[in-house]
Amino acid sequence: MNMKIAIGQMNVVVGQCENNFNKMATMIAYAKENEADFIVFPEMCVGGYCLQDKWLDTNFLDTLISYNDRIKELSNGIGILFGNVAIDKNKKGRDGRCVRYNAAYFCMDNKWIKSMNQQEYYIKHLLPNYRLFDEERYFESALDMNQETCAPFIVNVKGRDIKVGFEICEDLWSADYSFDVTGNYIKQDVDLIFNLSASPWTLNKELSRDKQIRAHLKNHGKFVPFVYANACGMQNTGKSICVLDGNSKVYDASAQCIGGCNDEFKEECKIIDLDNQEECKQTEDKLLKALTVAIKQVDQQMFNGKVKWIIGLSGGLDSTINACLLVHALGPSRVVGYNMASQYNSDTTKNNAKDMANRLGIEIREGSIEKIVDATIETMKDYHYEGADQGLTLENIQARVRGHMLSTFAALEGGVVINNGNKVEVALGYCTMYGDSIGAFSPIGDCTKVQLFELGHSLNNVFAKEVVPLNLLPQIEEDQVKWDMPPSAELKDAQLDPMKWFYHDWLISKMVEYPSYQIETIMTSYLDGTLNQSEMGKWIRYYGLDKPKAFIDDLEWVMRTVQKGIFKRIQLPPSIVISRGSFGNDFREAQVQFQSSNKYEELKKQILEMEG
């Protein structure tokens, strides 16, 4: 097909309509200069996708829609496809307000192109309402209007009528829905399908997209050229920070990629000739790239790229990874580390913190919190409380003193505090409220410890030196784990973290990922032996969990501890979403007491009977 397509892979900044419009205008001009026939932009590219309840503000929606005509004025000599909201003020929706649609618009030669059924815009059919998506809260779909078919748009290009199909994001992922948008278009013999997306990235999401597109070819026996235009950058839902990878591509009629944006995480206007095939590159170290982009965008969008980032540097792995990520994303001049030692901090971790800060080129300030801890203990005695210098109370006092100090340092520096918690600690409530739970946001709050081990090696490669001390990273030798320095909170003598690393990382991920992986499924696989035969089997054996009672005892400890920590997670800072089950708006929890299911009790009994 002799045609040039421009993909406007935009970093859509939520709520910044004029900024987004100016980006579109620049890309449209570039596409015209390069004689593109069409330019396609992402879903909701005018005002952003993650607007939350701002979608209920009719005045703001009127502002969004006012940009449509401004975009149409730029369409002389080119077809422009873009996503924006549409409203019908003559009709009330489920919430009693005027009906809103997630829509795609098509203009060319300063005119609106209508669909074959004379509809002025395309309305999204499949509205995701799972994980962090809440589209049914805000929009009605084409299916709500009893539109059981997709009407293509017909436009003349170079003297030939082209039948174009529109999709918006979830419309591609139709396997679990009763309506197949892509299949409907294929049956109508469209020449080209455009998918406009604002798709948050999670691990291996790009592979899932390719698989989904090829599945349509397999299911229908034929395919058509398919253009996937996704946003890049960061958008957030308040408790969940979503990074969008772009990964915009064009596929031919055999579902093979023939071209795409060169840097998946960056804004770009890419011109692709449908008659020529280019190499489709994949970004390496995509997790590191995603975290870096998210940090840059949080810094810019929320704090105007001006604040200092204050980080508690304990010398342990979590704070080390965070410091490296901050420097990699923002440079060393705006990162200030504080090592706030107590009597329980080892020389190894203190030296780690100092050496790492020097290698990164960041300022580090060292001191002791012992005077404040002692003063707190003495003050407790004034209130007739004894025992503040013992056990968990003393541990929590140290953590809260550090939180108080970091907050004060941030106020003095005109900065904000970064949170150092990882996903396993967050899941198990292994943090102190108003202590190490504070912060503007958590870069690694959805990363397991095992993923941090991998990030440590990646960061050392990126910096081309040992910025993450190797003594913090485990060595795996056959079925054994060797540590120079096992993970520890260092809040008492000889303290080690209670987690069973690798196994608990896997278990917690399975417990919260979408689609839900129920605990009974894990118990069944333990019972029939498949868990022991899997890759996780070596960790089951390493930690002695091949003994049925030990397995059940550990499982129940994890579940109880996870349930007890819900109140903490609700108050924790937002984290960057990298998995299909990130705490926050993605994996949602109510504060309830744990009660096992009947199936759980049945499986527990069967597992314990294996003991004898």
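In the predicted model, Leu196 stands opposite Ala229 in strand E10. The two strands concerned, E9 (residues 192-197) and E10 (residues 226-230), pair in the parallel sense over 5 bridges. Both belong to an open sheet of 6 strands, arranged in the order E7-E8-E9-E10-E13-E14 with mixed pairing. Strand E7 (153-157) and strand E14 (257-260) stand at the edges of this sheet; each has a single partner strand, so one side of each is left without a neighbour in the sheet. On average, and with direction ignored, neighbouring strands of the sheet are turned by 25° against each other. Strands of a sheet pair through backbone hydrogen bonds, in either the parallel or the antiparallel sense.

The structure holds 34 salt bridges. Side chains of opposite charge can pair when their charged atoms come close. In one, the side chains of Arg160 and Asp191 meet with an N to O distance of 3.3 Å. Arg160 counts as partly exposed at 40% relative accessibility, while Asp191, at 18%, counts as buried.

In the other, Lys222 forms a salt bridge with Asp189, and the closest N and O atoms are 2.9 Å apart.

Asp62 counts as partly exposed at 30% relative accessibility, whereas Lys89 is exposed, with a relative accessible area of 52%. Salt bridges also link Glu206, Arg209, Asp245, Glu264 and Lys286 in a network.

In soluble globular proteins, nonpolar side chains tend to be buried together. The largest nonpolar core of the model has 83 residues, and those with the most contacts inside it are Trp309, Leu313, Ile321, Tyr503 and Phe551. Helix H7 (residues 317-330) supplies the largest share of this core, 9 residues. Apart from it lies another core, of 50 residues, which includes Ile71, Tyr105, Cys107 and Ala231. With residues up to four places away in sequence left out, Trp309 touches Val298, Asp299, Phe303, Leu326, Leu330, Arg334, Val335, Val336, Val416, Ile418, Ala440 and Phe441.

Buried positions were also examined in helix H14 (residues 519-527), where Ile519, Glu520, Ile522, Met523, Ser525 and Tyr526 are buried. An α-helix has 3.6 residues a turn, so residues three or four places apart point the same way. The buried residues of H14 pack against helix H13 (503-512), helix H15 (530-533), helix H16 (537-542), helix H17 (548-564) and helix H19 (598-608). Just after H14, Gly529 takes a positive phi of about 90°.

How values were computed: Residues are numbered from 1 along each chain as its sequence is written. This is a predicted model: local features need pLDDT of at least 70, side-chain atom pairs count only at pLDDT 80 or more; totals for chains, interfaces and linings use all residues. Side-chain values use heavy atoms; hydrogens and water are left out. Two strands pair if DSSP finds at least two bridges between them. Helices (H or I, at least four residues) and strands (E, at least two) are DSSP runs, numbered from the N terminus. Axes are lines fitted to C-alpha atoms, for helices over the stretch in contact, and angles run from 0 to 180 degrees between N-to-C directions. A nonpolar core is a set of buried Ala, Val, Leu, Ile, Met, Phe, Trp, Tyr and Cys residues joined through side-chain atoms within 4.5 Å. Buried means under 20% relative accessible area, exposed over 50%, partly exposed in between (1.4 Å probe, protein chains only). Contact means heavy atoms within 4.5 Å. A salt bridge is a side-chain nitrogen of Lys or Arg within 4 Å of a carboxyl oxygen of Asp or Glu.
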